[in-house]
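Hi there,

Here is the structure I promised to pass on. Have a look at it first, and then read my notes below.

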Amino acid sequence: NMARALAARGVQTVIVTLGADGLVLCDGAQILTMSAIPTRVVSTHGAGDMFVGALAAELAEGADLRTALIFAQQAASLHVGTAIDMRAGLNRRMVQDALTG
């Protein structure tokens, strides 16, 4: 798969998002798959940007990679399930509430 191919080229950590099929993480010799959060999709436009931004923000706050991935998946799930004209209002609290709710 793509994650293993990149890892074989020396990339230490590879994350491949698969939309409704979740994601694959290749971290050294470890391969982890995570299922997607079931979501009624309005539009997938910008989902990758939301995922990467949320992942980066969580890592910058000191979260471990697995926790940051869970947060990023939830953020992307909220993004794709929210009406396009309401997406600007999505925030960290909403993602955290969805994770605990």
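S43 touches V80, I84 and R87, leaving out residues up to four places away in sequence; contact here means heavy atoms within 4.5 Å. S43 is found in the loop between β3 and α2. With a relative accessibility of 18%, S43 counts as buried (buried is under 20% relative accessible area, exposed is over 50%, and partly exposed is in between, with a 1.4 Å probe and protein chains only).

Before you read on, please note that this is a predicted model, where local features need pLDDT of at least 70 and side-chain atom pairs count only at pLDDT 80 or more, while totals for chains, interfaces and linings use all residues. Residues are numbered from 1 along each chain as its sequence is written, and side-chain values use heavy atoms, with hydrogens and water left out.

Now to helix α3, residues 65-81. Helices (H or I, at least four residues) and strands (E, at least two) are DSSP runs, numbered from the N terminus.

The buried residues of α3 include L69, F71, Q73, S77 and V80. The buried residues of this helix pack against β1 (13-17), β2 (23-27), β3 (30-34), α2 (47-60) and α4 (92-100).

Q73 is buried at 12% relative accessibility, and it touches G22, L23, M34, S35, A36, I37 and F51, not counting residues up to four places away in sequence. A polar atom of the Q73 side chain lies 3.3 Å from the backbone oxygen of S35. That is a polar contact: a pair of N or O atoms within 3.5 Å, where within protein one must be able to donate a hydrogen and the other to accept it, and residues adjacent in sequence count only if both atoms are side-chain atoms. S77 is also found in helix α3 and is buried, at 9% relative accessibility. Leaving aside neighbours within four places in sequence, S77 is in contact with I37 and T39.

How many salt bridges does a search of the whole structure find? It finds one, and a salt bridge is a side-chain nitrogen of Lys or Arg within 4 Å of a carboxyl oxygen of Asp or Glu. The partners are E58 and R92, with their closest N and O atoms 2.5 Å apart. E58 lies in helix α2 and R92 in helix α4, so the pair ties together parts that are 34 residues apart in sequence. E58 is buried at 7% relative accessibility, whereas R92 is partly exposed at 37%.

Finally, the loop between α1 and β1 holds Q12. Q12 is exposed, with a relative accessible area of 65%. Q12 touches C26, D27 and G28, not counting residues up to four places away in sequence. V11 is in this loop between α1 (2-8) and β1 too, and is partly exposed at 37%.

Best wishes

How values were computed: Expected span 1.5 Å × (residues − 1).
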